[in-house]
Amino acid sequence: MALWMEAGSEPKTEKELADLDAISALKESTALELKEKGNEYVKMGKKHYSDAIDCYTRAINQNALSGTDQSVLYSNRAHVNLLLGNHRYALQDAENATKLNPSNVKALYRAAKASFSLNLLAEAKGLCEKGLQHSSSNEELKKLAKQIDIQNSEKERRDAEVSKAVSSAKALVSAFETRGLKIGKPMYQELTGLKKPTLDRNNILHWPVLLLYPELPHMFSEGCPPLPWDKENAYTRDAVELYYEACAGVCLSKGDILRYLLEGTTASQVEDFGNEESGSAHCSTKGSTSQVDTARWMKINEKRTLYNVLKEPRFVVPGIPVFWVVSRNSSFYKDFKSGNWSPPELA
């Protein structure tokens with residue numbers, strides 16, 4: 001009997017030929033019945049989609065239909081996988097369908113739709129174009145092609161914004177290095193938010209600056225009468241001094257500085273910065289060990305430029321410059337200068 005024939009052997013008798021024809025006809029009939037049953041399950045709704053996939057799979061495994069009909073089976077299974085959100089499986093099935101029948105427009109559409117869902121925009125666009133070559137009036141393909149074009153435009157716009165943000169951040173890092181500035185972990189972001197330095201087209205750095213008043217709940221200006229809480233009249237303009245905290249924080253690497261600068265931008269999710277990632281920013285606070293250098297609070301000469309202050313050896317910029325405003329006439333001044341006072345931790 002033909003059922004017991006070895007694989008690859010040829011039938012030798014009319015009986016064997018008849019048996020093979022009967023088996024082929026049975027398998028073909030079974031495949032067609034499974035295909036129709038699968039179609040019925042699709043019409044019955046989502047609860048029966050898995051049954052439909054099972055029917056199409058069994059029909060495909062019969063391997064009894066022509067290439068064109070097999071293409072339909074793969075395309076139908078791709079359709080159900082799309083409905084279930086199994087986009088990767090849907091794409092595989094649709095691709096198999098188009099290999100068997102390159103003019104299967106439904107399979108081309110389903111492959112394009114699955115590619116689009118997987119954000120494979122170039123592939124989706126190409127598949128739409130192939131489909132429209134076979135069916136130029138196909139409205140589903142036209143609609144999908146428009147969606148792909150819109151998504152492509154949005155991706156190009158977003159990529160351009162990311163590229164611009166990364167370029168600007170790298171230019172800032174270069175400006176820090178050129179100026180010998182040390183950038184540490186951002187502090188007091190509860191107060192500053194996402195404010196960051198900027199670099200203009202003339203290569204000039206512009207810094208937001210945070211002024212903190214350890215004792216002052218209110219601002220004051222020169223010529224104003226003493227504030228009600230200032231019983232000692234300590235906070236006069238000539239008594240106010242500015243300080244920065246020496247070696248406040250650890251210097252960041254180039255990669256970490258770039259990540260900080262990109263916070264809040266369209267490029268905030270960028271992970272790879274190429275050569276910038278492996279570089280480390282120059283950050284040495286070594287030098288003189290005099291009493292002045294070992295002090296925690298460093299007094300600032302207000303007549304100096306911000307740039308000259310920032311490049312002092314012991315100034316590590318905590319994201320943006322932070323300066324402390326105190327009065328030498330205040331009773332608080334002694335504790336501040338001695339290092340016995342520490343800034344409160346912000347929630």
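Mentor: Start with the elements: helices (H or I, at least four residues) and strands (E, at least two) are DSSP runs, numbered from the N terminus. This is a predicted model, so local features need pLDDT of at least 70, side-chain atom pairs count only at pLDDT 80 or more, and totals for chains, interfaces and linings use all residues. Residues are numbered from 1 along each chain as its sequence is written, and side-chain values use heavy atoms, without hydrogens or water.

Trainee: How many helices and strands does that give for the protein?

Mentor: The count is 13 helices and eight strands.

Trainee: What makes Asn-63 count as exposed?

Mentor: Use the cut-offs: buried means under 20% relative accessible area, exposed over 50%, partly exposed in between (1.4 Å probe, protein chains only). Asn-63 has 61% relative accessibility, so it counts as exposed. Its phi is positive too, near 50°, in a residue other than glycine.

Trainee: And Tyr-188, buried or exposed?

Mentor: Buried, because its relative accessible area is 13%. Tyr-188 lies in the loop between strand S1 (182-183) and helix H8 (189-192). Here again phi is positive, about 60°, although the residue is not a glycine.

Trainee: What share of the protein's 347 residues counts as buried?

Mentor: 38% of them. The accessible surface comes to about 20700 Å², and 50% of that belongs to carbon and sulfur atoms. Such areas come from the Shrake-Rupley method with a 1.4 Å probe; for residues, only the protein chains shown count as cover.

Trainee: How do you know that the span of helix H7 agrees with its 41 residues?

Mentor: The expected span is 1.5 Å times one less than the number of residues. For H7 (residues 139-179) that should be 60 Å, and the end C-alpha atoms are 60 Å apart, which agrees.

Trainee: What is found at the start of H7, and what just after H7?

Mentor: At the start, a side-chain oxygen of Asn-138 comes to within 3.1 Å of the backbone nitrogen of Glu-140. Just after the helix, Gly-180 takes a positive phi of about 70°.

Trainee: Now the sheet. In what order do its four strands stand?

Mentor: The order is S4-S8-S5-S6, in an open sheet with mixed pairing. Strand S4 (210-212) and strand S6 (297-300) are at the edges because each has a single partner strand, so one side of each lacks a neighbour in the sheet. On average, neighbouring strands are turned by 40° against each other, direction ignored.

Trainee: What makes S5 and S8 a pair?

Mentor: Two strands pair if DSSP finds at least two bridges between them. S5 (residues 240-245) and S8 (residues 322-327) are joined by four bridges and run antiparallel. In S8, Ser-327 is opposite Val-240, Val-325 is opposite Leu-242 and Trp-324 is opposite Tyr-243.

Trainee: Why is S8 called largely enclosed?

Mentor: Six of its six residues are buried, so the rest of the structure largely encloses it. Both faces are covered, with Val-322, Trp-324 and Val-326 on one side and Phe-323, Val-325 and Ser-327 on the other.

Trainee: How many residues of S5 are buried?

Mentor: Six of six. Val-240, Leu-242 and Tyr-244 cover one side, and Glu-241, Tyr-243 and Glu-245 are buried on the other. In a regular strand the side chains alternate between the two faces of the sheet.

Trainee: What makes Glu-245 count as buried?

Mentor: Its relative accessibility is 16%, so it counts as buried.

Trainee: Which residues does Glu-245 touch?

Mentor: Contact means heavy atoms within 4.5 Å. Leaving out residues up to four places away in sequence, Glu-245 touches Arg-296, Trp-297, Arg-314 and Pro-343.

Trainee: Which side chain does a polar contact of 2.8 Å join to that of Glu-245?

Mentor: The side chain of Arg-296. The term needs N or O atoms within 3.5 Å; within protein, one must be able to donate a hydrogen and the other to accept it, and residues adjacent in sequence count only if both atoms are side-chain atoms.

Notes: Axes fitted to C-alpha atoms, helices over the stretch in contact; angles between N-to-C directions.
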